[in-house]
Amino acid sequence: MLEAVRNNVRALGTLLGNTIAVEQGEEWVDKIEHIRLLSRNAKINEAEVIEKLQQLFSHCSEQDMIVYARAFSQFLNLANIAEQQYTVSEEGLEQLELPHPLTALAEKVGNVNKDTFKQALEKLHIELVLTAHPTEINRRTFIHKYHQIADELQNNPDDHTRIAELIEQAWFTNEIRQERPTPLDESRWGLEVIADSLWSAVPQFMRELDDLSKQITGEPIAIDATPITMASWMAGDRDGNPFVTAELSEQAILNARLMASELYLKDFKDLYLELSMSRATNELHDADLDGIGPYRYQMRQVIKKLEHSIELFKEGKTQGAIESCEELLTPLNECRDSLIEHGLVRIADSLILDTIRKIHAFGISLVKLDVRQHSERHNQAISEITQALGLGDYLDWDEAKRVEFLSQELVNNRPLIPNVEFTADSQEVLDTFAMIAKQPKDVMGIYIISMASEVSDVLLVKLLMKAHGVQWDMPIAPLFETLDDLNNAAGVMKKVLSFGDYTKRCNGQHYVMIGYSDSSKDAGVLAATWAQYQAQEALVQVFKEKDIVLKLFHGRGGTIGRGGGPAHDAISSQPPGTLDGGLRVTEQGETIRYKFGLPNLAVRSLHLYASAILESLVLPPKAPKPEWRKLMDTMAEESCSQYRHYVQGNPDFVKYFRQATPEQELSALPLGSRPAKRKKDGGIESLRAIPWIFAWSQNRLVVPSWLGLGHAIANQEGKNKALMQEMMTSWPYFRARISLTEMVYLKSDVLVAELYDKTLVEPELQSLGNELRSQLQKDEQTVLTLLEQKESLEKDKWNLNSFELRQPYLLPLHLMQIEALKRLRATPEHPVYEQLLMYTMAGIATGMRNTG
């Protein structure tokens, strides 16, 4: 690791030690340092070091272990901050030899036809969908402090006075929340990320994208272009979260409109001060009734509207408030056109252009609120309706009868909803559609149907929108999640797009959401990613035949097992044609912080997204060769078979999983607003993908992110090694898959996983853990042989060193977590044991750089 980062890490560690000494005394700093040095020597004498640490912690009180856990956890957060700040600094970019993504793109596409690049820019649309995280560890208070520390490292590298103060604030604040956050809390946090970071990052990103456009095409980006927009599931995703209600979603929208209005008010007040010029069109002069200047008059009118809207929102009212982006854009565009007409181009392309870009990106509510609900909930609601109308039970009908009924009702003008008492669940579903109907179009995103598998799932949502008077065509996105659903996705959409009365209301485009989490949990990572790839290819073909634009929505998580990974690799490995309708992607939990938490970080992340999409549009990847497909089909089948052999076929697997990881304790901890399971009494199939992966990452076995892949490669490598090498060289999808798995192997640790088993798993189940660890080691060796390497990430020294820096802090946290679980399982629901467990979870998640 570069010396500059190590120096910052050491300096931050010293400041943390000084703070701990204030509270606990100098001897505590010595005790913490003793553990750190012991842990650092684990590579040399592993067994002896672990035994010493286990002895130490077994005789520790919970309160003492909490001090140790907090110290190591906070140090890992500070190390992350030092790294993040360095990677976006000028010095860091130069030392790491990281080219500016847009500069690198310009070099790659320099010889491309100008019109081709212009068309790519017109297609460029990134929609980031912020989602809450059921296992999000860090409190928002701390995230804000960490941002400030990063700013100080950047702006005052030689004066650590303010950093020392912030570290002191952090240490003397309880970083573990005592109460589970509400969906409104999560929604507010999403808005704060935008206000703190993206609000200033987006205009900067747009200016640099504008420069790229001028460099290559000779023209700026269109004034109404929307390369970046924002949406949110926070307070909109009600699938499995009973706390998200229609009333709560409505309040979240109100909060978002209030914050947006307050941010715009500041910008328009700045514009009022700046636009003091008198040279303007006659129309603007004639409109200036107050004689304060043509531009200032226009700004004052908007300021009055914003101030009035803010008053209304604070009173919980919306009637009379700003309802569309046009109310903000029209005066700005008129002023800008006037400035250009009078030669004041520099002024026209400064703050006023930045504000126009913001309105196109953030709208009148910063984020558009998506709504997600499970298809079963819609079916139950319509079942109650059809029974009340005397038509029979919708749930008893076959698919053909359901589709016939829905098709007829979509063109029938009679009222559908009878005046009867519905069950609470169905009333909530209907209330949600009524809430949507009351909202301005500009604040709503799209409607996602979980576990969609039939044409009727889509038509039913359209019918319920019609029945509740939704006056605009809110886009609907069926979410295909399981392996079977992915395989059937194209067939379902082909039938959906065959309904003329439905498709004519789709405005020539349709969303489809691809689920990464549940498909990986269902079939294993290799079979799932290959099914996702093939589903997208098939969807591209169907939409092309129907002459409708496919807008894919990727439900990726932060971890490899949930489709996560570096943005550029993920985008470049997409099948050809899948980016023509833009890129809509979820950004979850801690990945929001790691990608967009600092303004400079956010700008760079947007550059990486944009450059990868533009490159794929201008220089599209070639379709995989038939022999590559054939091999992938075979490996996916073998991978899925091995994965399911363990996860579904072994009757002891669930029992082992719950003993070897903190999964069963998760639901009791106040980490996120959503329950960890969809159904209280369900098994693995009912467990949400995020806690499923979170639990495995805590004991470092990370099963969902590798199981099956190495086994499939080993089976085929002997006879197909040359073909695999060709795939590695020439196929971005396969190369990205192997690269991501290499990162998983680095983060796994068979020794740590074994320690969990020895202490927490009953003896008759430990053989299963032995099998899994043995398989992990074999698989890693298989992949390293394919890569012609001796160790994982040996060609990526930065990430390798970065993770090795964390190891001395992770080992004690794991040992304390094992001790906490042991004590907690002996004395369930003990509040101090639970608190200790949460501190260790926070530290491990921070050190691993992901939760779920």
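Which residues do ring pairs link into a cluster? The cluster is made of W530, Y533, W628, W731 and Y733. This is a predicted model, in which local features need pLDDT of at least 70 and side-chain atom pairs count only at pLDDT 80 or more, while totals for chains, interfaces and linings use all residues. Residues are numbered from 1 along each chain as its sequence is written, and side-chain values use heavy atoms, with hydrogens and water left out.

Start with the rings. Rings of Phe, Tyr and Trp (its six-membered ring) pair if their centres lie within 6.5 Å; planes under 30 degrees apart count as stacked, over 60 as edge-to-face and the rest as tilted. By this rule the count is 24 aromatic pairs. One of them joins W530 and Y533, which are stacked at 5.5 Å centre to centre with 20° between the planes. These two residues are three apart in helix α24 (residues 525-546), so about one helical turn separates them. Helices (H or I, at least four residues) and strands (E, at least two) are DSSP runs, numbered from the N terminus. An α-helix has 3.6 residues a turn, so residues three or four places apart point the same way.

Buried means under 20% relative accessible area, exposed over 50%, and partly exposed in between (1.4 Å probe, protein chains only). W530 is buried at 2%. Y533 is buried at 4%. A stacked pair is also formed by W628 and W731, with ring centres 5.6 Å apart and planes at 20°. W628 belongs to helix α28 (residues 626-647), whereas W731 sits in the loop between α32 (709-730) and α33 (732-747), so the pair ties together parts that are 103 residues apart in sequence. Both are buried: W628 has a relative accessible area of 4%, and W731 has 1%.

The expected span is 1.5 Å times one less than the number of residues. Of the 16 residues in α33, 12 are buried. Among them are Y733, F734, R737, E742 and K747.

Now the barrel. Eight strands close into it in the order β1-β2-β3-β4-β5-β6-β7-β8, with parallel pairing. Neighbouring strands of this sheet are turned by 25° against each other on average, direction ignored. Axes are lines fitted to C-alpha atoms, for helices over the stretch in contact, and angles run from 0 to 180 degrees between N-to-C directions. Two strands pair if DSSP finds at least two bridges between them. Strands of a sheet pair through backbone hydrogen bonds, either parallel or antiparallel.

Where do β1 and β8 meet? Strand β1 (residues 126-131) pairs with strand β8 (residues 583-588) in the parallel sense over six bridges. I126 has L583 of β8 as its bridge partner. β3 and β4 are also parallel, over five bridges, and R372 stands opposite I448 in β4. β4 pairs in turn with strand β5 (residues 476-480), in the parallel sense over three bridges. There, Y447 has I476 of β5 as its bridge partner. Seven of the seven residues of β4 are buried, so this strand is largely enclosed by the rest of the structure.

Helix α10 (residues 183-217) lies across β1 and β2 (228-232), running at about 170° to β2. Helix α17 (residues 375-388) has 14 residues and reaches 20 Å from first C-alpha to last, close to the 20 Å expected. Its buried residues include H378, N379 and E384. Their cover includes β3 (368-374), α18 (399-410), α19 (424-438), β4 (444-450) and α20 (455-467). Contact means heavy atoms within 4.5 Å. After α17 comes G390, with a positive phi near 75°.

Finally, the arginines. R414 lies in the loop between α18 and α19. It is partly exposed, at 37% relative accessibility. Not counting residues up to four places away in sequence, R414 touches L389, L391 and E409. R823 lies in helix α36 (residues 797-826) and is buried at 12%. Leaving aside neighbours within four places in sequence, its contacts include F57, E62 and Y833.
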